[in-house]
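Subject: Structure handover

Hi,

Here is the structure I promised to pass on. Please open it next to this email; my notes follow below.

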Amino acid sequence: MLTSKPPIRPDDTTLYFDMLEQAADGVVIINQFNHVVFFNTAAEQLWGCSSADVIGKNVNCLVPLEQRPQHDGYINHNRNTGVNRIVGTSREVVFTRTNGDYVAAEMSISTAIIGPDKQRYYMALLYGLSEGCYRRKSSQKNSRSPKPCFP
């Protein structure tokens, strides 16, 4: 005889945390101060660093050097105006791992207002692309003017 388990409760935050932690794609969540508050195992593998190295730091530490000076401004513009330039979209990004290797990924960004104090959080989901996959996608999108995969 099969016994059924109790149904999943919508207020079981442990379930949601565990699901995000074990997700196949990288998950990065930042708070209202642009500090990383969640960095799952897949994100660790993409960037080549541990969550302990990233949690509590400005998300800029994950952004390519040339984009760091403007990055907080982009986030703060969205937070202050509600104008979504990349929130709710997906796009290909290239970033540098801690060992200096370039990594290509498909990134989707979402936002949510959470808690009684109505703070806005941002979540990036990153699907790592192999170099071959990235080259194929790049050549399909840019067949008129192909770009190198990694500068």
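Start with His 71, which lies in helix H4. Bear in mind that this is a predicted model. Is His 71 buried or exposed? His 71 counts as buried, because its relative accessibility is 18% and the cut-off for buried is under 20%. Leaving aside neighbours within four places in sequence, His 71 is in contact with Val 59, Asn 60 and Val 63.

Now the sheet. It is open and has five strands, in the order S2-S1-S5-S4-S3. The pairing is antiparallel. Strand S2 (36-39) and strand S3 (90-96) are the edge strands, and each pairs on one side only. On average, neighbouring strands are turned by 30 degrees against each other, direction ignored.

Look next at S1 and S5. Strand S1 covers residues 26-30 and strand S5 covers residues 119-129. Five bridges join these two antiparallel strands. Val 27 stands opposite Leu 125 in S5.

Two helices to check against the sheet:

- Helix H4 (residues 68-81) packs on the sheet and touches S1 and S5. The direction of H4 makes about 135 degrees with that of S5.
- Helix H1 (residues 13-21) lies across S1, S2 and S5. H1 runs at about 70 degrees to S2.

Then the core. The largest nonpolar core has 22 residues. Which of them touch the most other members? They are Val 28, Val 36, Phe 39, Trp 47, Leu 62, Phe 95 and Leu 126. S1, S2, H2, S3, strand S4 (102-114) and S5 each supply at least two residues. S4 gives the most, with four residues. As background, nonpolar side chains tend to be buried together in soluble globular proteins.

Val 36 is worth a click. Not counting residues up to four places away in sequence, Val 36 touches Val 28, Ile 29, Ile 30, Val 54, Ile 55, Gly 56, Lys 57, Val 59 and Leu 62.

Last, Leu 46. Leu 46 lies in helix H2 (residues 41-47). Leu 46 is buried, because its relative accessible area is 12% and buried means under 20%. What does Leu 46 touch, not counting residues up to four places away in sequence? The list is Gly 26, Phe 95, Arg 97, Val 103, Leu 126 and Gly 128. Leu 46 and Leu 129 are 83 residues apart in sequence, and their C-alpha atoms are 9.8 Å apart in space.

Best wishes

Methods
Residues are numbered from 1 along each chain as its sequence is written. This is a predicted model: local features need pLDDT of at least 70, side-chain atom pairs count only at pLDDT 80 or more; totals for chains, interfaces and linings use all residues. Side-chain values use heavy atoms; hydrogens and water are left out. Two strands pair if DSSP finds at least two bridges between them. Axes are lines fitted to C-alpha atoms, for helices over the stretch in contact, and angles run from 0 to 180 degrees between N-to-C directions. Contact means heavy atoms within 4.5 Å. Buried means under 20% relative accessible area, exposed over 50%, partly exposed in between (1.4 Å probe, protein chains only). A nonpolar core is a set of buried Ala, Val, Leu, Ile, Met, Phe, Trp, Tyr and Cys residues joined through side-chain atoms within 4.5 Å.
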